[in-house]
Amino acid sequence: MSPRTDDVSRYLRQTQELFGDELYLNISSQPSMSGMDGGFGSDLTAFEQEICQCQKCPLGQSRNKFVFGVGDPNASLLLVGEAPGAEEDKLGEPFIGRAGKLLDKILAAIGRNRQKDVYICNVMKCRPPNNRDPLRSEVDQCEPYLLHQIHLIKPKLIVALGRVAGQTLLNVDKSLKSLRNTFHDYHGTPLMVTYHPAALLRNQDLKRPTWEDFKTIKDYLDSSK
């Protein structure tokens, strides 16, 4: 079975689990995210209202706040983390605190910010207990929401922040080092993997390779204008 067939099969299975056996198709010549709206709303605000009370997995019972995402709804750059942490769960916004401030500085260095050509979200919309890695069963329930966000935003590039985010989106068990320096494909959208800003706070040596990644990101986006 090809990687593309695996992606389609996984998406259809996720959609069935969320919405039952009835499937609506939007036939289009575009091969990427078209037809993957799952019956959701046609803009981010409406979509957030539709899903913010989600109880599809046990994380809905334990969360404090649903963390949908923030940023420019027409962004060319989509940053995706693993899952909300304690501060994000408390305030309902992704990438805040020290790691979020460092991410803001990195974005400023490439001429962007949370309101300018960037959208930030997580694979998971709810915090796993004790910041553990998300379970595959939890990802399967939540990933269709991310797919619809991508469908609405239509970014030119997705950047997975951290090993777990990269492994989860690409459905592989590989090291972050092996996932870097490559343009992957995520349902038709190019995807890069780089270090999570929290890792840079723990290890200063990671700042240079992360900056190299973001220079590549800037060059790619600038060349695709």
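# Reading the predicted model

Reader: By about what are lysine 218 and aspartate 222, being 4 residues apart in helix H10 (residues 207–223), separated?

Author: This is a predicted model, and what follows is read from it with that in mind. An α-helix has 3.6 residues a turn, so residues three or four places apart point the same way. Because lysine 218 and aspartate 222 are 4 residues apart in H10, their separation is about one helical turn.

Reader: How far apart are the closest N and O atoms of lysine 218 and aspartate 222?

Author: Lysine 218 counts as partly exposed at 29% relative accessibility, and aspartate 222 likewise counts as partly exposed, at 29%. A salt bridge requires the nitrogen and the carboxyl oxygen to be within 4 Å. Lysine 218 and aspartate 222 form such a bridge, their closest N and O atoms being apart by 2.7 Å.

Reader: Which residues do salt bridges that share partners join into one network?

Author: The structure holds 10 salt bridges. Where salt bridges share partners, they link residues into one network, and the residues joined in this way are Glu93, Asp104 and Arg114.

Reader: Is glutamate 138 buried or exposed?

Author: The side chain of glutamate 138 meets that of arginine 132 in a salt bridge of 2.7 Å, N to O, and arginine 132, at 30% relative accessibility, counts as partly exposed. For glutamate 138 the relative accessibility is 3%. Since buried means under 20%, glutamate 138 counts as buried.

Reader: Which side chain of opposite charge is nearest to aspartate 89?

Author: Aspartate 89 is found in helix H4 (residues 86–91), where it is buried yet has no salt bridge. Its contacts, leaving out residues up to four places away in sequence, include Arg63, Lys65 and Arg127. A salt bridge would need a separation within 4 Å. The nearest side chain of opposite charge is 4.9 Å away, and it belongs to arginine 127.

Reader: What length has the polar contact that joins the side chains of arginine 180 and aspartate 213?

Author: Arginine 180 has its place in the loop between helix H8 (176–179) and strand S5 (184–186), and it is buried, with a relative accessible area of 12%. Not counting residues up to four places away in sequence, it touches Val193, Thr194, Tyr195, Pro209 and Asp213. With Asp213 there is also a polar contact between the side chains, at 2.9 Å.

Reader: Which helix gives the most to the lining of the largest pocket?

Author: About 620 Å³ of space lies in the largest pocket, which is lined by 28 residues, with Glu82, Ala83, His196, Ala198 and Arg202 lying nearest its centre. The elements that give two or more residues to this lining are H4, helix H5 (97–109), helix H7 (163–170) and helix H9 (197–202). With 4 residues, the one that gives the most is H5.

Reader: How many of the residues of H7 are buried?

Author: H7 is mostly covered, and among its buried residues are Val164, Gln167 and Leu170. Just after this helix, asparagine 171 takes a positive phi of about 55°. As for the count of buried residues in H7, it is 7 of 8.

Reader: What is the value of phi near which histidine 187 lies?

Author: Most residues other than glycine have a negative phi, and most peptide bonds are trans. Histidine 187 has its place in the loop between S5 and strand S6 (189–194), and it is buried, with a relative accessible area of 4%. Its phi is positive although the residue is other than glycine, and the value is near 50°.

Reader: About what positive phi has asparagine 131?

Author: Asparagine 131 is found in the loop between strand S3 (118–122) and helix H6 (136–153). It is partly exposed, with a relative accessible area of 45%. Although it is not a glycine, asparagine 131 has a positive phi of about 60°.

Key. Residues numbered from 1 in each chain as written. Predicted model: local features only at pLDDT ≥ 70, side-chain atom pairs only at ≥ 80, totals over all residues. Heavy atoms only, no water. Buried < 20%, exposed > 50% of the residue type's maximum accessible area, 1.4 Å probe, protein only. Polar contact = N/O pair within 3.5 Å; in protein donor to acceptor, adjacent residues only side chain to side chain. Contact = heavy atoms within 4.5 Å. Lys, Arg positive; Asp, Glu negative; His and termini not counted. 1 Å grid on protein atoms, 1.4 Å probe; cavity = no way out; pocket = protein on both sides within 12 Å on 5 of 7 lines; lining within 4 Å. Points joined across faces, edges and corners; volume = space filled by probe spheres on them.
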